Amino acid sequence: MREKNSFEDNKIAQQWITAIEKPQDSSREREYYPLLYSWSHDMHDATIVEIGSGQGICSSKIDLVNNRYIGVEPSQALLDRAKALYPEPSKQFLLGNSYESSLSDASIDAVFSVGVWFHVENIDRAHAEMRRILKPGGKLLILTGNHAAQSQWESFFENPVVTGNIIEGKVYVPGGSMDHNILYLHDSEDLRTSLVKNGFVVDSIREMGFGGKQKRPLGIFICVQATKLG
Ligand SMILES: C[S@@+](CC[C@H](N)C(=O)[O-])C[C@H]1O[C@@H](n2cnc3c(N)ncnc32)[C@H](O)[C@@H]1O
């Protein structure tokens, strides 16, 4: 069992494709993609997995000269789009999710995920799955919404229904909008505690996404980096 994922609705998947494929000048280009590149550039002969790979754009932002990429995605429409856009032999796209990735035990060198962990309700289950698939010493990088910036996130929604840290409704994203989405804005300390409980050392947690010319007081994203213990 897992929570409802709006992106598995074909109309909403199409709305995401339209938005993400528009040329943008957002935090993605300025901060997230360069970070993914430098993180992957340090790896050699590594199998790098992206959880929640969407229509595949992040597969074109990491360094695959010496590495292989596997995107795991629960939306069939987004998976089909990723396979069509990124048919390179160094890239593979599979149906799966953060709780059941379909990957083998201790087979993966590094996992990253961008804009997904705030769609994941049960972080303990997701972290247990990351522990299962990563090799000892394997790296994890999660870019997700910053709970401390919840009011900023609420402002991206039209008439949001807010229940504690859960925000639901129509949301505006750079490049477009989606008729429905649900965010679970996990507190960074809850993420840290859950990772440690599941056998990770947390290397760093830092805010990102401070905006362009108009600086935000808080980053809307956090980047969590962790290492699986041996
Ligand atoms: C905002 S999109 C980001 C897609 C991609 N990571 C990117 O940066 O372009 C969120 C993605 O998370 C996926 N998703 C939602 N719940 C998920 C879960 N439990 N496990 C894995 N992916 C999930 C959605 O299907 C969607 O593709």
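## Basis

The model is predicted: local features need pLDDT of at least 70, side-chain atom pairs count only at pLDDT 80 or more, and totals for chains, interfaces and linings use all residues. Residues are numbered from 1 along each chain as its sequence is written.

A residue is buried if 20 or more other C-beta atoms lie within 10 Å of its own, exposed if 12 or fewer, and partly exposed in between, with C-beta atoms placed from the backbone. Two residues are in contact if their C-beta atoms, placed from the backbone, lie within 7 Å. Helices (H or I, at least four residues) and strands (E, at least two) are DSSP runs, numbered from the N terminus.

## Nonpolar cores

A nonpolar core is a set of buried Ala, Val, Leu, Ile, Met, Phe, Trp, Tyr and Cys residues joined through C-beta atoms within 7 Å. The largest one here has 43 residues. V49, I108, V111 and L140 have the most contacts inside it. In soluble globular proteins, nonpolar side chains tend to be buried together.

V111 is in contact with V49, I51, M130, L134 and L140, leaving aside its neighbours within four places in sequence.

## Ligand shell

The ligand is surrounded by 21 residues. F7, G52, G54, N97 and S98 are the closest.

The shell divides into 10 nonpolar, 9 polar and 2 charged residues. Here Ala, Val, Leu, Ile, Met, Phe, Trp, Tyr, Cys and Pro count as nonpolar; Asp, Glu, Lys and Arg count as charged; the others, Gly among them, count as polar.

Helix α1 covers residues 10–20. Its buried residues include A13, Q15, W16, I17 and I20. The buried residues of α1 pack against α3 (76–85) and β8 (176–184).

Helix α2 covers residues 27–41, 15 residues in total. From first C-alpha to last, α2 reaches 20 Å, close to the 21 Å expected at 1.5 Å a residue. That expected span is 1.5 Å times one less than the number of residues. α2 bends by about 25 degrees at Y33, and a proline, P34, follows within four residues. The bend is the angle between axes fitted to the seven residues ending at a residue and the seven starting there. In α2, S27, R28, Y32, L36 and S40 are buried. The buried residues of α2 pack against β1 (47–51), β4 (108–114), β5 (134–145), β9 (200–208) and β10 (221–228).

G54 sits in the loop between β1 and β2 (68–73). G54 is buried, because 23 other C-beta atoms lie within 10 Å. Leaving aside neighbours within four places in sequence, G54 is in contact with W16, I20, E73 and L78.

F93 is part of strand β3. With 25 C-beta neighbours inside 10 Å, F93 counts as buried. Not counting residues up to four places away in sequence, F93 touches S53, G56, G71, E73, L79, A82 and K83. F93 and L140 are 47 residues apart in sequence and 19 Å apart in space, C-alpha to C-alpha.

N181 is in strand β8. N181 counts as buried because it has 23 C-beta neighbours inside 10 Å. N181 touches S6 and V171, not counting residues up to four places away in sequence.

Q225 belongs to strand β10. With 19 other C-beta atoms within 10 Å, Q225 is partly exposed. Its contacts, leaving aside neighbours within four places in sequence, are L141, D203 and S204. Q225 and G212 are 13 residues apart along the chain, and their C-alpha atoms are separated by 24 Å.

## Positive phi in a loop

Most residues other than glycine have a negative phi. S102 has a phi near 75 degrees, a positive value in a residue other than glycine. S102 is in the loop between β3 (91–95) and β4. S102 counts as exposed, because it has 11 C-beta neighbours inside 10 Å.

A106 also lies in the loop between β3 and β4. A106 has a positive phi of about 45 degrees although it is not a glycine. With 13 other C-beta atoms within 10 Å, A106 is partly exposed.

Notes: A residue is near a molecule or strand if its C-beta atom, placed from the backbone, lies within 6 Å of it.
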